[in-house]
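Look at the chain below before reading on.

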Amino acid sequence: MPHTPPASAERSADEQAEVILGVDTHKDFHVAAVITVVGTLLECRKFPTTMAGYWDLLEWARSFGHVHRAGVECTGSYGAALARHLSAAGIEVLEVNQPDKAARRRRGKTDALDAEAAARAVLSGRATALAKAGDGPVEMLRLFRLAKTSAVKSRSQAINQLKAVLVAAEPELRDSLAGLSNPKLIRQCVALDAEAAPTSITAAATYALRLLAQRINHLTQEITDLETQITAVISAHAPDLLDAYGVGPDTASALLITAGDNADRLGSEASFAALCGVSPIEASSGKVQRHRLNRGGDRQANSALHTIVLARLRWDPRTRHYIERRITDGKTRREAIRCLKRYIARDIYRIIRHPQDSKAAP
């Protein structure tokens, strides 16, 4: 790797120039690069993903000069811990996307090149998004929501497996459990008298049904506990969000996770709408002036906004009136719903950033 001895090593800290740090993150190690403010590469080096490795990386980068900005890839996964460590050290951490594919085809692909590209993205101004802090209640919500999502998926799978076992079971067992709703079916399966060591197909089916039903009950308890934890965190962190019409713990947690612990990194409600994928995209050309659907952004947040829209359409007369007015103006129902999602994103942003100034959306 190219290496230029840092000229700042012989100067005092006050005389050191600014340098920019770029990091290509991995599971077991990170590759860091330092460049000057005029784009000269100083050095690249690999560091382990341990606390000692983070301290070594920071000390190494500061040996070249003052580090005020750092571009880090994957700040929501492999680079999350490093991003928190750099932020705690007073460094502005910017989220860096993967290098441009055309540039990668020309130059090739190595970890050192990716780290250098991350630093140059910060220098050029291409990387402007501040990384999520990940050190507060919203990070707690993300972890609870992650666990709940997997529990819900596992419970659905277990219910489907239970019914699959029942379909292929002997008639006497199948008929005794026919026509029951899911809760009653699960209770009946838990109460089945299963043999400790099944010796027949019917006994094996009974054993499997009871085991699956017990698993479903356990997962249901997990989901209920996680829902309680999620609601408690939201009530303490952003209680006004739960008071908004049509917003529940699931949708509120998804929107808060998108905004992050440092929601002030969102400069405007337009940036939050773009982050949620509800901001229309310019698609004009020549005499044609139009906008197209935004298919980017956080799809979980987009889904949460859509859920809020459906709830309001069903129960809120003002929302139905808004949709009817938009349709009268010449928009399709789908386009009117997109307009409403954009409006609700504005309302949610106000609640997250300025709860006292928030107003009810239609």
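D316 sits in the loop between α12 (299-315) and α13 (317-328). Helices and strands here are DSSP runs, numbered from the N terminus: helices are H or I with at least four residues, strands are E with at least two. This is a predicted model, in which local features need pLDDT of at least 70, side-chain atom pairs count only at pLDDT 80 or more, and totals for chains, interfaces and linings use all residues. Residues are numbered from 1 along each chain as its sequence is written, and side-chain values use heavy atoms, with hydrogens and water left out.

Is D316 buried or exposed? D316 counts as buried because its relative accessibility is 5%. Buried means under 20% relative accessible area, exposed means over 50%, and partly exposed is in between, using a 1.4 Å probe and protein chains only. The side chain of D316 has two partners to look for. One is the side chain of T319, in a polar contact of 3.1 Å. The other is the backbone nitrogen of R318, which lies 3.3 Å from a polar atom of the D316 side chain. A polar contact is a pair of N or O atoms within 3.5 Å; within protein, one must be able to donate a hydrogen and the other to accept it, and residues adjacent in sequence count only if both atoms are side-chain atoms.

Now find S279. This residue is in the loop between α11 and β6 (281-282). S279 has a relative accessible area of 13%, so it is buried. Leaving aside neighbours within four places in sequence, S279 is in contact with A273, A274, N294 and R342. Contact means heavy atoms within 4.5 Å. With N294 there is also a polar contact, side chain to side chain, of 3.2 Å. S279 and R312 are 33 residues apart in sequence and 20 Å apart in space, C-alpha to C-alpha.

H30 is buried because its relative accessible area is 0%. Residues up to four places away in sequence aside, H30 touches V23, D24, T25, R45, K46, F47, T49, Y54, Y78 and L82. The H30 side chain also reaches the backbone nitrogen of H26, at 3.2 Å.

Next come the cores. In soluble globular proteins, nonpolar side chains tend to be buried together. A nonpolar core is a set of buried Ala, Val, Leu, Ile, Met, Phe, Trp, Tyr and Cys residues joined through side-chain atoms within 4.5 Å. How many residues does the largest nonpolar core have? It has 38, and those with the most contacts inside it are L241, L255, L256, F272, L305 and I348. Two or more residues of this core come from each of α5, α8 (201-237), α10 (249-259), α11 (269-275), α12, α13 and α14 (333-353). α14 gives the most, with nine residues. Take I348 as an example. A second, separate core has 22 residues, including L21, L42, A70 and V72.

Finally, turn to the empty spaces. Rolling a probe the size of a water molecule over the atoms shows where empty space is left. On a 1 Å grid over the protein atoms alone, a cavity is a set of points where a 1.4 Å probe fits but cannot get out, and a pocket is an open set with protein on both sides within 12 Å along at least five of seven lines; lining residues have an atom within 4 Å of a point. Grid points are joined across faces, edges and corners, and a volume is the space filled by probe spheres set on the points.

The largest pocket has a volume of about 970 Å³. It is lined by 36 residues, and closest to its centre are K132, I257, T258, R265 and L275. α5 supplies the largest share of this lining, six residues.

The second largest pocket holds about 570 Å³. Among its 24 lining residues, P280, L293, E335, R338 and C339 lie nearest its centre. Here α14 supplies the largest share, nine residues.

One cavity of 30 Å³ or more turns up in the whole structure. The largest cavity holds about 40 Å³. I159, L162, K163, N182, L185, I186 and I216 line it.
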